[in-house]
Amino acid sequence: MIRLPDACGVLREYAPRTEPAVPAVPAAGSPPLVSRTVFSAAHVVADPFADTTPDGPAAVDWDATLAFRRHLWSHGLGVAEAMDTAQRGMGLDWAAAAELIRRSAAEAAACGGRIACGVGTDQLTGPASRLDEVRAAYEEQLAVVEEAGAQAIVMASRATAALARSPEDYLELYGHLLRQASEPVILHWLGPMFDPALTGYWGSEDLDAATETFLAVIAEHPDKVDGVKISLLDAGREVALRRRLPGGVRCYTGDDFNYPELIAGEDPAAGGRFSHALLGIFDPLAPLAAEAVRVLDTGDPAGFRKLLDPTVELSRHLFQAPTRYYKTGVVFLAWLAGHQEHFAMVGGMQSARSLPHLARAYELADSLGLFPDPALAEARMRQLLAVHGVAA
């Protein structure tokens, strides 16, 4: 038994599992995922021995960071690199992000893994005064990603949100970037729950109006858009939007609250549309998520939902408001699972969630059987409790 604090700070007893639910290492010759394209947005592992400060350059443990990407690829998932899960704009500066893109893309090429990388404007560390500065920043990052041999994910930009005054500004900026891209990109609509600085993106705080602008960008350049990643935590809005996408343009769900139903898709009588996936929650859920999609590959959506539905409570817990701090729970679970030797984050973000929040994350993940070595996870949870003054 282990004593865990609840949301009120009251200690209660919890009996950990003794066996994992799914293998930590997939069986040799596991078939690839075929019915859905699935990316995990991956976290970075900080260098705990670097003498840094929260506002200083990020110090990354490259060996552990790349080892985690190999873990994701081994299960058949793609890696969405240098996204918000990797703490873009929350501890990971552009210099480190560019190095991450280059190293991960080279690793993907070496092991045959699929990779797509975030293109943003976060090298603009001060306020931009003109949209052509924002465009130049996007162009610089797009060149880095394409030169690395990775697919580009055009991320929502704080600088764009601060300067764009109309839907036309977005149409002009994104149109220029899409014409310039050498291969089809993924467009990313990240909602303000993930980053308050993105409020009013696509030219309006009215999401219906913003959707029209977003769709207009795609309609003008359908040959340059592989898909769209929607991170609005609104399943109904995502379903309505994906029904309006041009043929051949995919919808990648970024909805960490409603992903099982969105990936499973609609009844064939309703059109049978579905979402692919590009999710931060698939960082800790990788083995289980891959197993669920393989069940879906057999034509068994009920079996898929049976495996994945129970994970939603954990995901909703990690992504609860303030949603942008979900990265802390993701890295915490990676430490408990043995994917890294410490619970430290770039920017000092390990302090962004409370002990009761982390204790509940441990309990939910353990109850799902996510930890390859439950005894190790329990021992590390006890270490964290002791640091916070909880006696064994």
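## Helix contact

Contact here means heavy atoms within 4.5 Å. This is a predicted model, in which local features need pLDDT of at least 70, side-chain atom pairs count only at pLDDT 80 or more, and totals for chains, interfaces and linings use all residues. Residues are numbered from 1 along each chain as its sequence is written, and side-chain values use heavy atoms, with hydrogens and water left out.

In α1, W62, T65, L66, R69, R70 and W73 meet α2. Their partners in α2 are A96, E99, L100, R103, S104, E107, A108 and C111. By class, the contact residues are seven nonpolar, two polar and five charged.

## Helix geometry

Helix α1 spans residues 62–74 and helix α2 spans residues 94–111. Their axes (lines fitted to C-alpha atoms over the stretch in contact) come within 10 Å and cross at roughly 45 degrees. The crossing is right-handed.

## Largest pocket

The largest pocket has a volume of about 710 Å³. A pocket is an open set of points on a 1 Å grid where a 1.4 Å probe fits, with protein on both sides within 12 Å along at least five of seven lines; lining residues have an atom within 4 Å of a point.

The lining holds 34 residues, with R88, G89, T121, D122 and R158 nearest the centre. Helix α4 (158–163) and strand β7 (185–190) each supply at least two. α4 gives the most, four residues. The lining divides into 16 nonpolar, ten polar and eight charged.

## Second largest pocket

The second largest pocket has a volume of about 270 Å³. Its lining has 18 residues; L33, G76, L77, G78 and R114 are the closest to its centre. Eight are nonpolar, seven polar and three charged.

Note on methods. Grid points are joined across faces, edges and corners, and a volume is the space filled by probe spheres set on the points. Ala, Val, Leu, Ile, Met, Phe, Trp, Tyr, Cys and Pro count as nonpolar, Asp, Glu, Lys and Arg as charged, and the others, Gly among them, as polar. Axes are lines fitted to C-alpha atoms, for helices over the stretch in contact, and angles run from 0 to 180 degrees between N-to-C directions. A crossing is left-handed if the near helix is turned anticlockwise from the far one by less than a right angle, and right-handed if clockwise.
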